[in-house]
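Shall we walk through this one together, a question at a time?

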Amino acid sequence: MDLLDIISLVILAIGFITVLSAKVIVKKLNLVEKQICEHASEMTEEEVHDYKYNTAVFKTKLIGLAITVPGLILLFISFR
């Protein structure tokens, strides 16, 4: 196993950990409060909170996916 394989596996692991622990990251960093809801006047307070929470989790999972993809590409290149 050479250096490129190890780097790609580490990047993959970081991305997958980010995706799997998205809910914990959102709660720990209080990302719910930083979300913006354009239609808050049409929703109840609980719906607004759920909407903000779900968008924060979704954005965190997208960031994890963005971290994972380069690791996957490196892995494909190294085993080619």
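Q: How are H1 and H3 oriented to each other?
A: A word first: this is a predicted model. Helix H1 (residues 3–20) and helix H3 (residues 45–78) pack at an angle of about 160 degrees, with axes 7 Å apart. Angles over 145 degrees count as roughly antiparallel, and therefore H1 and H3 are roughly antiparallel to each other.

Q: What is the handedness of the crossing of H1 and H3?
A: Keep the pair H1 and H3 in view, with their axes 7 Å apart. The crossing of these two helices is left-handed.

Q: How do the residues of the contact of H1 with H3 divide into nonpolar, polar and charged?
A: On the H1 side, the contact includes Leu 4, Ile 7, Ile 11 and Phe 16. H3 contributes residues including Thr 60, Gly 64, Leu 72 and Ser 78. Sorted by type, the residues of this contact come to 13 nonpolar, 8 polar and 2 charged.

Q: How many residues of the contact of H2 with H3 are charged?
A: From H2, the residues Ala 22, Lys 23, Ile 25, Val 26 and Lys 27 take part. They meet Tyr 53, Ala 56, Val 57, Thr 60 and Lys 61 in H3. The contact divides into 6 nonpolar and 1 polar, and the number that are charged is 3.

Q: Which helices do the buried residues of H3 pack against?
A: Among the buried residues of H3 are Val 48, Tyr 53, Thr 60, Gly 64 and Leu 75. The buried residues of this helix pack against H1 and helix H2 (22–29).

Q: What span should the 34 residues of H3 have?
A: The estimate uses 1.5 Å a residue, multiplied by one less than the number of residues.

Q: Is Met 1 buried or exposed?
A: Met 1 sits in the segment before H1. Leaving aside neighbours within four places in sequence, Met 1 is in contact with Ile 6 and Leu 9. Exposed means over 50% relative accessible area, so at 74% relative accessibility Met 1 counts as exposed.

How values were computed: Residues numbered from 1 in each chain as written. Predicted model: local features only at pLDDT ≥ 70, side-chain atom pairs only at ≥ 80, totals over all residues. Heavy atoms only, no water. Axes fitted to C-alpha atoms, helices over the stretch in contact; angles between N-to-C directions. Helix = DSSP H or I, 4+ residues; strand = E, 2+ residues; numbered from the N terminus. Parallel < 35°, antiparallel > 145°, perpendicular 65-115°, else oblique. Left-handed = near helix turned anticlockwise from the far one by under 90°. Contact = heavy atoms within 4.5 Å. Nonpolar A, V, L, I, M, F, W, Y, C, P; charged D, E, K, R; others polar. Buried < 20%, exposed > 50% of the residue type's maximum accessible area, 1.4 Å probe, protein only.
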